[in-house]
Amino acid sequence: MTPKLILRGAALVTVLLAAGHTFGSPWTPAVDPRAQDVVVAMQTYRFDVMGLRRSYFNFYEGFGWMLSAYLIGHAILFWQLSGLAPRRGMEVRPIVAVLCLESFAAALVAWRFLFWVPTIMSGAIAACLALSAALMSDQTRTHSISPESQAGSAP
(Lines give C-alpha, C1' and ligand atoms only; values in the text may rest on other atoms or scores of the structure.)
Protein backbone atom coordinates (compact mmCIF):
# COMPACT_ATOMS: atom_id res chain seq x y z
CA MET A 1 0.00 0.00 0.00
CA THR A 2 1.25 3.45 -0.87
CA PRO A 3 0.24 6.84 0.55
CA LYS A 4 -1.05 7.75 -2.91
CA LEU A 5 -3.39 4.77 -3.06
CA ILE A 6 -4.63 5.27 0.49
CA LEU A 7 -5.29 8.99 -0.06
CA ARG A 8 -7.28 8.08 -3.16
CA GLY A 9 -9.22 5.63 -1.00
CA ALA A 10 -9.97 8.49 1.42
CA ALA A 11 -11.13 10.56 -1.56
CA LEU A 12 -13.46 7.78 -2.69
CA VAL A 13 -14.98 7.30 0.78
CA THR A 14 -15.44 11.08 1.02
CA VAL A 15 -17.22 11.18 -2.36
CA LEU A 16 -19.54 8.41 -1.16
CA LEU A 17 -20.22 10.28 2.09
CA ALA A 18 -20.85 13.50 0.14
CA ALA A 19 -23.23 11.72 -2.24
CA GLY A 20 -25.15 10.10 0.60
CA HIS A 21 -25.36 13.36 2.49
CA THR A 22 -26.39 15.40 -0.56
CA PHE A 23 -29.02 12.95 -1.80
CA GLY A 24 -30.35 12.65 1.76
CA SER A 25 -31.62 16.23 1.58
CA PRO A 26 -33.78 17.64 3.19
CA TRP A 27 -32.35 15.52 6.04
CA THR A 28 -35.68 15.02 7.81
CA PRO A 29 -36.06 11.23 7.79
CA ALA A 30 -38.78 10.90 10.43
CA VAL A 31 -42.34 10.68 9.12
CA ASP A 32 -43.95 10.59 12.56
CA PRO A 33 -46.57 13.38 12.86
CA ARG A 34 -44.79 14.82 15.91
CA ALA A 35 -41.52 14.96 13.96
CA GLN A 36 -43.30 16.72 11.11
CA ASP A 37 -44.63 19.25 13.62
CA VAL A 38 -41.05 20.01 14.63
CA VAL A 39 -40.03 20.52 10.99
CA VAL A 40 -43.00 22.83 10.38
CA ALA A 41 -42.14 24.81 13.52
CA MET A 42 -38.52 25.12 12.33
CA GLN A 43 -39.78 26.38 8.95
CA THR A 44 -42.39 28.85 10.22
CA TYR A 45 -40.64 30.57 13.14
CA ARG A 46 -38.59 33.34 11.57
CA PHE A 47 -36.25 35.84 13.21
CA ASP A 48 -33.80 38.59 12.30
CA VAL A 49 -30.18 37.56 11.71
CA MET A 50 -27.86 40.37 10.70
CA GLY A 51 -30.64 42.15 8.84
CA LEU A 52 -32.13 39.04 7.19
CA ARG A 53 -35.25 37.06 8.11
CA ARG A 54 -34.32 33.42 8.62
CA SER A 55 -35.81 30.33 10.20
CA TYR A 56 -34.15 27.51 12.09
CA PHE A 57 -34.89 25.36 9.06
CA ASN A 58 -32.91 27.81 6.90
CA PHE A 59 -29.92 27.24 9.19
CA TYR A 60 -30.51 23.47 9.23
CA GLU A 61 -30.72 23.30 5.46
CA GLY A 62 -27.90 25.80 4.89
CA PHE A 63 -25.49 23.92 7.14
CA GLY A 64 -26.47 20.69 5.39
CA TRP A 65 -25.61 22.10 1.97
CA MET A 66 -22.40 23.63 3.33
CA LEU A 67 -21.36 20.21 4.63
CA SER A 68 -21.97 18.69 1.19
CA ALA A 69 -19.80 21.41 -0.39
CA TYR A 70 -17.01 20.83 2.17
CA LEU A 71 -17.12 17.08 1.65
CA ILE A 72 -16.81 17.45 -2.13
CA GLY A 73 -13.95 19.93 -1.62
CA HIS A 74 -12.21 17.54 0.76
CA ALA A 75 -12.52 14.66 -1.72
CA ILE A 76 -10.87 16.79 -4.40
CA LEU A 77 -8.18 17.89 -1.93
CA PHE A 78 -7.42 14.28 -0.92
CA TRP A 79 -7.07 13.34 -4.60
CA GLN A 80 -4.72 16.27 -5.24
CA LEU A 81 -2.65 15.42 -2.17
CA SER A 82 -2.38 11.84 -3.41
CA GLY A 83 -0.60 13.15 -6.50
CA LEU A 84 1.87 15.11 -4.37
CA ALA A 85 2.53 12.35 -1.82
CA PRO A 86 5.04 10.32 -3.88
CA ARG A 87 7.27 13.34 -4.56
CA ARG A 88 6.68 15.58 -1.56
CA GLY A 89 5.46 13.24 1.15
CA MET A 90 7.05 14.90 4.16
CA GLU A 91 5.84 18.33 3.03
CA VAL A 92 2.31 17.04 2.52
CA ARG A 93 2.28 15.00 5.73
CA PRO A 94 1.36 17.90 8.12
CA ILE A 95 -1.62 18.79 5.91
CA VAL A 96 -2.78 15.18 5.88
CA ALA A 97 -2.35 15.01 9.66
CA VAL A 98 -4.59 18.06 10.20
CA LEU A 99 -7.22 16.60 7.87
CA CYS A 100 -6.94 13.30 9.76
CA LEU A 101 -7.65 15.05 13.06
CA GLU A 102 -10.57 16.86 11.46
CA SER A 103 -12.05 13.58 10.18
CA PHE A 104 -11.54 11.93 13.56
CA ALA A 105 -13.35 14.83 15.25
CA ALA A 106 -16.15 14.52 12.68
CA ALA A 107 -16.45 10.80 13.51
CA LEU A 108 -16.76 11.64 17.21
CA VAL A 109 -19.42 14.28 16.51
CA ALA A 110 -21.31 11.87 14.26
CA TRP A 111 -21.14 9.16 16.94
CA ARG A 112 -22.43 11.55 19.59
CA PHE A 113 -25.13 13.35 17.62
CA LEU A 114 -25.94 11.47 14.41
CA PHE A 115 -25.97 7.77 13.45
CA TRP A 116 -23.68 4.96 12.39
CA VAL A 117 -23.16 5.70 8.65
CA PRO A 118 -21.38 9.07 9.01
CA THR A 119 -19.58 7.74 12.09
CA ILE A 120 -18.10 4.78 10.23
CA MET A 121 -17.35 6.71 7.06
CA SER A 122 -15.67 9.60 8.89
CA GLY A 123 -13.70 7.06 10.93
CA ALA A 124 -12.64 5.28 7.74
CA ILE A 125 -11.50 8.57 6.22
CA ALA A 126 -9.52 9.38 9.38
CA ALA A 127 -7.93 5.90 9.33
CA CYS A 128 -6.93 6.28 5.66
CA LEU A 129 -5.39 9.67 6.35
CA ALA A 130 -3.53 8.43 9.43
CA LEU A 131 -2.14 5.43 7.53
CA SER A 132 -1.08 7.53 4.56
CA ALA A 133 0.69 10.02 6.86
CA ALA A 134 2.50 7.17 8.61
CA LEU A 135 3.52 5.65 5.28
CA MET A 136 4.79 9.01 4.03
CA SER A 137 7.20 9.06 6.95
CA ASP A 138 8.38 5.49 6.30
CA GLN A 139 8.61 6.06 2.55
CA THR A 140 10.72 9.20 3.00
CA ARG A 141 13.08 7.45 5.42
CA THR A 142 13.44 4.53 3.00
CA HIS A 143 14.17 6.84 0.04
CA SER A 144 16.67 8.95 1.98
CA ILE A 145 18.87 5.94 2.77
CA SER A 146 18.36 3.95 -0.43
CA PRO A 147 21.40 2.99 -2.55
CA GLU A 148 20.03 5.05 -5.45
CA SER A 149 20.03 8.24 -3.38
CA GLN A 150 23.58 7.56 -2.20
CA ALA A 151 24.77 6.77 -5.75
CA GLY A 152 23.21 10.00 -7.05
CA SER A 153 25.18 12.06 -4.55
CA ALA A 154 28.57 10.63 -5.51
CA PRO A 155 30.94 12.89 -7.52
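**Figure 1. F59 is partly exposed, with a relative accessibility of 32%.** Here buried stands for under 20% relative accessible area, exposed for over 50%, and partly exposed for what lies in between, with a 1.4 Å probe and protein chains only. Please keep in mind that this is a predicted model, in which local features need pLDDT of at least 70 and side-chain atom pairs count only at pLDDT 80 or more, while totals for chains, interfaces and linings use all residues. Residues are numbered from 1 along each chain as its sequence is written, and side-chain values use heavy atoms, with hydrogens and water left out.

A pair of aromatic rings is described by the distance of the centres and the angle of the planes. Rings of Phe, Tyr and Trp (for Trp, the six-membered ring) form a pair when their centres lie within 6.5 Å; planes under 30 degrees apart are stacked, those over 60 are edge-to-face, and the rest are tilted. The structure contains seven such aromatic pairs. One of them joins Y45 and F47, whose ring centres are 5.8 Å apart with planes at 35 degrees, so this pair is tilted. F47 is buried, at 16% relative accessibility. F47 also pairs with F59: the centres are 6.1 Å apart and the planes at 10 degrees, so these two rings are stacked. This pair links distant parts of the chain, with F47 in strand β1 (residues 46-49) and F59 in helix α3, 12 residues apart. Ring pairs join Y45, F47, Y56, F59 and F63 into a cluster.

**Figure 2. The protein has five helices and two strands.** Helices (H or I, at least four residues) and strands (E, at least two) are DSSP runs, numbered from the N terminus. Along the sequence, their pattern is α-α-β-β-α-α-α. Of the 155 residues in the protein, 29% are buried. A contact means heavy atoms within 4.5 Å. Among the contacts with a separation of 6 or more, 68% come from residues 24 or more positions apart. Accessible areas are computed by the Shrake-Rupley method with a 1.4 Å probe, and for residues only the protein chains shown count as cover.

**Figure 3. The largest nonpolar core has 21 residues.** Such a core is a set of buried Ala, Val, Leu, Ile, Met, Phe, Trp, Tyr and Cys residues joined through side-chain atoms within 4.5 Å. Which residues touch the most other members? They are L7, F78, L81, V96, I125, L129 and M136. At least two core residues come from each of α1 (3-23), α3 and α4. The largest share, eight residues, is supplied by α3. Looking at L81 and setting aside neighbours within four places in sequence, the contacts of L81 are L7, V92, I95, V96 and L99.

**Figure 4. H21 sits in helix α1.** H21 is buried, with 18% relative accessible area. Residues up to four places away in sequence aside, H21 touches W27, G64, L67, S68 and L71. Another residue to look at is I76, in helix α3, which is partly exposed at 48% relative accessibility. From C-alpha to C-alpha, I76 and L12 are 9.5 Å apart in space, while 64 residues separate them in sequence.

**Figure 5. A nonpolar surface patch of about 730 Å² is formed by V109, F113, L114, F115, W116 and I120.** The elements giving two or more residues to this patch are α3 (56-113) and α4 (116-144). Patches use residues with over 30% relative accessible area and no salt bridge; like charges are joined within 9 Å, and nonpolar side chains (Val, Leu, Ile, Met, Phe, Trp, Tyr) within 5 Å. Is F115 buried or exposed? With 51% relative accessibility, F115 is exposed. F115 lies in the loop between α3 and α4.

**Figure 6. The count of salt bridges is two.** A salt bridge is a side-chain nitrogen of Lys or Arg within 4 Å of a carboxyl oxygen of Asp or Glu. R34 bridges to D32, with the closest N and O atoms 3.6 Å apart. R34 is exposed at 65% relative accessible area, and D32 is partly exposed at 35%. E91 and R88 form a salt bridge at 2.6 Å, N to O. About one helical turn separates E91 and R88, because they are three residues apart in helix α3. E91 is exposed at 51% relative accessible area, whereas R88 is partly exposed at 41%.
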